[in-house]
Amino acid sequence: MESETKAVKRHGKTSDTSKHREPSDRKGPVKDSKSSDRDESKQTGGNPTQPKFGPMPRFPHQRVWTRAIMIIALLIVVYFTSKNGKEVPLARQHEILHQRKQLLDCSESYQSEVELYPGCVPEKCGRLISDSLITVGEAQAMLEIAKRGLNLGGSLGGASILDLHSGALSVGRTFINMYMTEKGKNIYRKSDFDTYKQVRIKIHRAVAQHFKISPDVLYLTHPTFFSRLTNLPPGTEHDEYWHPHVDKDTYKSFHYTSLLYLSDYGDDFDGGRFIFIDKDNVNSTVEPRKGRVSMFTSGKENTHFVERVRSGTRFAMTISFTCDPKHAISDPNGKVIKRAPK
Ligand SMILES: O=C(O)CCC(=O)C(=O)O
Ligand SMILES: [Fe+2]
């Protein structure tokens, strides 16, 4: 028994060593290898035709496990590093961003449309999020302006709008002109319109600067409006704010869209994130933050939607710009706009 054990041990040693050495690496006289052969034939009962144990794995099940673990680890790495079909946060609510940019190629339809307006073609399409453009005081003042007007009306469903330029205000299933109502005609002071204009000018300049165009070839356009979103079920199709869309298709005059958020995701409401739908089914998400401005080219490259609000109330403002002077609108002053007779 004892000599058997010794023989097995010796064999293990011989076999391990030969596994790592190429024949040319072998040191010592040929005699050694012959004596090694003799040792092996001893263990195989002196029969040289019997297979050697050699480098056969001693614990094959261990290798299977190691490989399985390596494959699983690799799959996990691939899953977490690939973006396909995933959500990528572009702006989280708790972050304070000076500027976060995403540059994109313009969609063909957008490119050919803006090329009709010299000087209004962006160097690159894309988006920019900034929390340092509008002050907390300005955002608060804009929120109060929005609430004061919207409190005079409100849709039956979850989406109400107020357009200070035309006076349009959601009421029930329809819209009224707030400036034509007794309460609505004097609801704002000059200081409110001054704040509004100051905020508009800042955003207007920032859009021009970011997309590297002159502010003089960019015009404020219709509709520019406040929105108030809740989780009420829709009363009409105007309440269905969650559908994916391209602003250029929804609002013909848009070339550049900006959004000013007036309430905080997670604090004032839940749901209601803004989602860009990108290539390979990747969603880039923007969580609204009071005073946050998002600006983007209005073409197909920026297809987007707003998630349904789950709870609370979400206030925001859509401020839109066009390259076409025919669609320019002026800053609001609380007066009913007189339209030229058709
Ligand atoms: O309020 C938002 O975040 C986006 C609104 C929007 O998509 C739009 O006005 O076209
Ligand atoms: Fe939109």
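Mentor: Gladly. Let us start with a term: a nonpolar core is a set of buried Ala, Val, Leu, Ile, Met, Phe, Trp, Tyr and Cys residues joined through C-beta atoms within 7 Å. Keep in mind that this is a predicted model.

Trainee: Which residues have the most contacts inside the largest nonpolar core?

Mentor: Met 142, Ala 146, Leu 260 and Leu 262 do, in a core of 60 residues. Helix 5, residues 136-150, gives the most to this core, with seven residues. As general background, nonpolar side chains tend to be buried together in soluble globular proteins.

Trainee: What is Met 142 in contact with, leaving aside neighbours within four places in sequence?

Mentor: Met 142 is in contact with Thr 195, Val 199, Leu 260, Leu 262 and Met 317. Met 142 is also one of the buried residues of helix 5, which include Ala 139, Leu 143 and Ile 145.

Trainee: Why does the span of helix 5 agree with what its 15 residues should give?

Mentor: The expected span is 1.5 Å times one less than the number of residues. For the 15 residues of helix 5 that comes to 21 Å, and the end C-alpha atoms are 21 Å apart, so the two agree.

Trainee: How far does helix 6 reach from its first C-alpha to its last?

Mentor: Helix 6, residues 190-210, reaches 30 Å, close to the 30 Å expected for its 21 residues. Its buried residues are Tyr 196, Val 199, Ile 203, His 204, Val 207 and His 210.

Trainee: Why are they said to be on the same side of helix 6?

Mentor: They cover an arc of only 140° around the axis, and therefore lie on the same side of helix 6. On the other side, Lys 190, Ser 191, Asp 194 and Gln 209 are exposed. The elements that the buried residues of helix 6 pack against include helix 5, strand 8, strand 9 and strand 16. After helix 6 comes Lys 212, whose phi is positive, near 60°.

Trainee: Why is Cys 106 called buried?

Mentor: The cut-off for buried is 20 or more other C-beta atoms within 10 Å. Cys 106 has 21, so it counts as buried. Cys 106 is found in the loop between strand 2 and helix 4. Cys 106 and Glu 301 are 195 residues apart in sequence, with their C-alpha atoms 5.9 Å apart in space. Leaving aside neighbours within four places in sequence, the contacts of Cys 106 include Pro 122, Cys 125 and Glu 301.

Trainee: What makes up the shell around ligand 1, by class?

Mentor: Four nonpolar, three polar and one charged residues. Among the residues around ligand 1 are Ser 227, Asp 247, Phe 274 and His 304. Strand 14 and strand 16 each supply at least two residues of this shell.

Trainee: How many helices and strands does the protein have?

Mentor: Seven helices and 16 strands. Of its 342 residues, 32% count as buried.

Notes:
Residues are numbered from 1 along each chain as its sequence is written. Chains are lettered from A and ligands numbered from 1 in the order in which they are written. This is a predicted model: local features need pLDDT of at least 70, side-chain atom pairs count only at pLDDT 80 or more; totals for chains, interfaces and linings use all residues. A residue is near a molecule or strand if its C-beta atom, placed from the backbone, lies within 6 Å of it. Helices (H or I, at least four residues) and strands (E, at least two) are DSSP runs, numbered from the N terminus. Ala, Val, Leu, Ile, Met, Phe, Trp, Tyr, Cys and Pro count as nonpolar, Asp, Glu, Lys and Arg as charged, and the others, Gly among them, as polar. A residue is buried if 20 or more other C-beta atoms lie within 10 Å of its own, exposed if 12 or fewer, and partly exposed in between; C-beta atoms are placed from the backbone. Two residues are in contact if their C-beta atoms, placed from the backbone, lie within 7 Å. The arc is that of the directions from the helix axis to the C-beta atoms.
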